[in-house]
Amino acid sequence: MLGPTGTGAERFGGTKGADRQILADAAAAGARFLVTEDVDDYGLDDLASVGISAANPDLFLAARLTRDAYSTVIDLFVERQINPPTTPAQFHAAIAKNHPRLFAAHADLYEVEPEQRIHREPEVIFRGARCLRCEQIIADPAAIIDGLGPECR
């Protein structure tokens with residue numbers, strides 16, 4: 001079992017269908033963030049009521065992954081790449097295709113240009129009242145820009 005099953009999913013009226021149970025499960029597990037491509041499936045009031053924010057993976061990783069962790073992950077992937085083998089710089093450049101914010105957050109780590117993005121960014125990449133960086137609840141969710149509260153921008 002990964003976590004407890006949440007109850008009362010029906011209370012999340014601003015959240016779409018099956019995502020209500022996902023939000024209930026996340027709340028029961030004490031999660032602070034939902035990392036999802038479908039941020040717009042979750043209602044702001046529903047998220048705020050349980051102190052959870054929903055974030056696009058690219059935005060979440062760009063805000064939360066430290067330079068050391070990013071470098072370690074790159075190295076681990078490159079060590080396991082056999083066909084074709086890649087360098088850390090090449091792998092970093094390829095990350096930009098799906099995670100341009102993550103690439104930008106660590107752009108100075110390798111001297112390489114980003115590969116072209118292959119998908120359009122979703123219209124909604126963050127929703128909630130919890131800041132991605134400091135994890136504090138922000139009284140006015142409208143003050144959160146790109147997942148960051150006023151004190152963390």
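Predicted model: local features only at pLDDT ≥ 70, side-chain atom pairs only at ≥ 80, totals over all residues.
**Exercise 1.** Determine which parts of the chain are linked by the salt bridge between arginine 67 and aspartate 108, and classify arginine 67 and aspartate 108 by accessibility.

*Solution.* Step 1. The closest N and O atoms of arginine 67 and aspartate 108 are 2.8 Å apart. Step 2. Arginine 67 is in helix α4 (residues 67-80), whereas aspartate 108 is in the loop between α6 (100-105) and β3 (126-127); the pair, 41 residues apart, thus links distant parts of the chain. Step 3. Exposed requires a relative accessible area over 50%. Aspartate 108, at 60%, is therefore exposed, while arginine 67, at 34%, is partly exposed.

**Exercise 2.** Glutamate 115 and glutamate 121 both lie in the loop between α6 and β3. Find the salt-bridge partner of glutamate 115 and that of glutamate 121, and locate each partner.

*Solution.* Step 1. Glutamate 115 pairs with lysine 97, with a closest N and O separation of 3.5 Å. Step 2. Glutamate 115 has 34% relative accessibility and is partly exposed; lysine 97, at 28%, is partly exposed. Step 3. Glutamate 121 pairs with arginine 101, with a closest N and O separation of 3.1 Å. Arginine 101 lies in helix α6, so the pair ties together parts that are 20 residues apart in sequence. Step 4. Glutamate 121, at 28%, is partly exposed, and arginine 101, at 26%, is partly exposed.

**Exercise 3.** Explain why the buried residues of helix α1 line one face of the helix, and state what covers them.

*Solution.* Step 1. Helix α1 (residues 19-29) has Asp19, Leu23, Ala24 and Ala26 as its buried residues. Step 2. Viewed down the axis of α1, these residues fall within an arc of 160°, so they line one face. Step 3. Their cover includes β1 and α2. Step 4. After α1 comes glycine 30, with a positive phi near 80°.

**Exercise 4.** Is aspartate 41 buried or exposed, and which residues does aspartate 41 touch, not counting residues up to four places away in sequence?

*Solution.* Step 1. Aspartate 41 is in the loop between β1 (33-35) and α2 (44-49). Step 2. Its relative accessibility is 13%, so aspartate 41 counts as buried. Step 3. With residues up to four places away in sequence left out, aspartate 41 touches Gly14, Thr15, Lys16 and Asp19.

Definitions and conventions:
Residues numbered from 1 in each chain as written. Heavy atoms only, no water. Helix = DSSP H or I, 4+ residues; strand = E, 2+ residues; numbered from the N terminus. Buried < 20%, exposed > 50% of the residue type's maximum accessible area, 1.4 Å probe, protein only. Contact = heavy atoms within 4.5 Å. Arc of directions from axis to C-beta. Salt bridge = Lys/Arg side-chain N within 4 Å of Asp/Glu carboxyl O.
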